[in-house]
Each structure stands twice: as C-alpha cells, then as structure tokens.
Amino acid sequence: MTPSPTNTPNPAPRDPQDVEALYRRYGPMVLRRCRALLRNEDDAVDAMQTTFVRLVQAGDRLDDRAPSSLLYQMATRTCLNVLRTRRRHPEARAAETDADALLSRIAEAGDLGARFVAFRVLDRLFRDTLDDTRSLAVLHLHDGLTLEEVALVSGLSVSGVRKRLARLRASLHELESLS
Amino acid sequence: MNRNLPEPLLERLHQGDLPPEAAEALEARLTAEDRARLAALSADDAATLLTHPPARVAAAVHARAGRSPSTRAWALPVGAMGVAAAAAALVFALLRPTTPAPGVLPGDPDGPETASADVRAKGDDRLLVFRRTPSAAEPLPPGAVAAAGDELRLGVLLDAPARAVIVSFDGRGAVTRHVPVGEVGDPRGAPAVLPRGRTLLDFAYALDDAPAFERFVLVTGPDVTPGPVEAAARAIAVAPDAETRPLTLPAGWRQVDFLIRKPRLEPKPARP
C-alpha cells in the first residue's frame, strides 16, 4: 500500500478507556514525539506509555480538541517531566546539547516556581498555567513554530498563545533575577 | 523559498484532523522533502504498531493506570525495555524468568485465540499457558506435562476489565507472584487492572526442577490485592491436595487455576 501524503483516516476514537484504538491511531505519533524530545529509545517507549496512562486517568475530563493535538501536547509535557528528572543527574547535564539545554530550561520552569513558593503570585501563575504553557514554549522555541502555527497545533487563539508565552518569559526573568 | 514544515504541523497533517482550510493551507506549503517526510510517517506508523503491538501496549497502559504513580516502576513491562528491566528486577525463587522470543511464542496479542489452551472459570475468565517449541509455540491444556527447562508463557482472557492477581506454587511449596509484577510479599504490588480480552504477559518462564506440579491461579475481583492471594497460596502449597484444593479467598473474589504436571521421576534401579 502506498502511503498517502494527506490521510483521511477513519473517525477518530475519542473514548479515553479505549486505549487500543487510541494507540493504534495515535501511538506512533506519540512515540515519535517522545523519541524526538528524549532521544533515548527506552525512555521514549516509557514516556509514550505514560502519556496513554494519563489519558486513561483523565477519564471523561478530555476536552473537545482534536485527540491528536491533545495527545501531542500530553506527550510533550510527559517528556518535559522526564527531562526535568533526568537533569538532576550531573552526567546528564554534562552531555547536553544546546537543544537539550533549551528543553531543560523550559522543563525546569516548574522547579524554579517551586523554589520560590513564598512568591505567591508567581506560584499561583505556575500552578494554573505551567503545564500547558511549557508545551507551547517547546512548540515555539524548540520546534520553531510561529505563534500562528502554535495556535493551530494547540487549538488556542494566537493572542492566547502570545499572552501565555509572554507571561512565561516574564516570570522566568523575574524568578531568575531572584536566584 | 519555502521552509520545510515543522514536525508538529506535519504530524497534524498526517493525522488528518485539521480543519479543512488549515489542512489545505499546509498542503500548499509542502515541499518535495515534506512529502517524503509524510510518506515516512506512514511507514513509521506501521513499523511502530508491529514493534509495539496495540493489544500489548493497551494491556500495559491499563495495568499502569490502575496503580499509584509511586509504583510505576512495577508496571507490566512492554517491549525490549520492559522485559529486560523486569527480568533484572525480579528474583524468582524457583521459576526462572526468560525473555520471550518475538515471533516464536504466540505472544502476538493480535493473533488468533487458541481455545484448547483455555480454562473456563466462573464467569468467562480464562488462564492461558503456552510452551515454547523450536519453531513456534504450543498452547497447553490443563494438566499437561511439562519438564524442567520448558519455557512457559502466561496469558489471561477476561470478559471485562478486572483487577487481577496471578500467582503460582509448585511441588516444593514455593509461591511466585506473576501479576502484579513483584516479589511475593512486596508491599508495592498494587493490583493490576487487566483489560477485557486477551492479555499475554511479557514474560516467559523456564520451569525449574521442582517435583510433581506447577499450579497457576488467576484471582479477579473489584478489590483484589496480592497479599491475601499469596497467603492463601502459601497455606495450601504444601498440603497433600495442593494440586486441586481451591484457595480460601474473601467473598466475591473469583479464581481459576491451571495445573502443569511434572514428569514422574523414574525410580533408581536397585543395586544388585
């Protein structure tokens, strides 16, 4: 069968409990995303599974976004958590490339927030928006998407993306000036 | 000159779930290289589904979803990483875990079900046992004879998703936990939630030289935990009727067993 550049697949599975159908449709995409960000096959396979575990645990809290968009961002967030954990090991930091360092910086945004829990406004900001904002930052800063393209992939408005990223940048600058 | 489409956009186009006008706009931007990358995504889809079969991944995900995050490392493993990690993590006293050879055992969960390997339980839960052969694998019927060194692989067939524990005990009275992954008595062994349908465990086991039998028991129920199952197995493992006596379990827990017999040892010839 010759692959078509513009697939028109069957209706997307949406039941988060139907892992087999969701994985059959989106699993390879999720695994590719995890491989690209983690660059370690074992970690990528584990992160791929973790992404689907979180989907199952989210249950009926799935929103109306296209499942591929949702899973892509969930995979990104999962990988950022892995990177954050990985970076606590000095040998992993020593082996980082520039691209790794950028991802790690985004991934560690949460740790910075946690270190300054007395800074209540920022703490609340991070708690509310951090996960989504970090994955948007990866799309923009790591994957090279324009704000319009980030909006298309994430399902947010362009102004929403711009505001979130600006807020994240400002927060990071402020936090780093305190450290 | 058009830049190549960033990977996230290419993926969305590949998934085919963008709004039509957005998809058209992206297609208009595709370079020759992008088209080749899109074709490669389709090929990679097929390769991934072959390497990590959907039913197997789904089983592992459901098993992990039923656990607390702190016990994630004890999830059912999948693929080469999982098998290696689990084999390294587990110490079985008398059953030696081995890595199933892909394509040799009937480990492909998408493969046809094999009724002759099944045992009917109350309800329709079934325990499946396969033995590796030089060219493929054979489903074993209950009571089949298997010798030390034979490699066995377990599976279950469930009517509905269920919390499950699988243990076995042998003719020496040794109890082994198979699901959830972990050593007998390990407090981290939160019950696994196995999905409806057939789930094959990602382990093969080489039978050791314990005499008489190896008896596998699958226990399911809404509040099943490994501790009482292991205790019940230990309580009867050395009894004279250990091959047949049901485990004494809390009300509402269902059990099904699968007995493997060991070859009878030939008596040594008397000295003249």
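1. In this predicted model, 37 residues of chain B are in contact with 36 residues of chain A, where two residues are in contact if their C-beta atoms, placed from the backbone, lie within 7 Å. On the side of chain B that touches chain A, α1 (7–15), α2 (20–29), α3 (32–51), α4 (54–65) and α5 (79–89) of chain B each supply at least two residues. Sorted by class, that side has 20 nonpolar, 8 polar and 9 charged residues; Ala, Val, Leu, Ile, Met, Phe, Trp, Tyr, Cys and Pro count as nonpolar, Asp, Glu, Lys and Arg as charged, and the others, Gly among them, as polar.

2. Residues are numbered from 1 along each chain as its sequence is written, and chains are lettered from A and ligands numbered from 1 in the order in which they are written. Local features need pLDDT of at least 70 and side-chain atom pairs count only at pLDDT 80 or more, while totals for chains, interfaces and linings use all residues.

3. Two packed helices are described by the angle between their axes and the distance between the axes. For helix α1 (residues 19–38) of chain A and α4(B), the axes come within 8 Å and cross at roughly 120 degrees, and the two helices are therefore oblique to each other (under 35 degrees counts as roughly parallel, over 145 as roughly antiparallel, 65 to 115 as roughly perpendicular and the rest as oblique). On the α1(A) side, the contact is made by A:Val19, A:Glu20, A:Tyr23, A:Arg24 and A:Gly27, and on the α4(B) side by B:Pro54, B:Ala55, B:Val57, B:Ala58, B:Val61 and B:His62. These residues of α1(A) and α4(B) divide into 7 nonpolar, 2 polar and 2 charged.

4. A further pair to inspect is helix α3 (residues 67–86) of chain A with α1(B), whose axes come within 10 Å and cross at roughly 145 degrees. Here A:Ser68, A:Ser69 and A:Tyr72 meet B:Pro8, B:Glu11, B:Arg12 and B:Gln15, a set made up of 2 nonpolar, 3 polar and 2 charged residues.

5. Within chain A, helix α8 (residues 147–154) has the buried residues A:Glu149, A:Val150, A:Leu152, A:Val153 and A:Ser154, a residue being buried if 20 or more other C-beta atoms lie within 10 Å of its own. Just after α8(A), A:Gly155 takes a positive phi of about 85 degrees.

6. As for chain B as a whole, its secondary structure comes to 6 helices and 10 strands (DSSP runs of H or I, at least four residues, and of E, at least two). Of its 272 residues, 44% count as buried.

Key
A residue is buried if 20 or more other C-beta atoms lie within 10 Å of its own, exposed if 12 or fewer, and partly exposed in between; C-beta atoms are placed from the backbone. Axes are lines fitted to C-alpha atoms, for helices over the stretch in contact, and angles run from 0 to 180 degrees between N-to-C directions.
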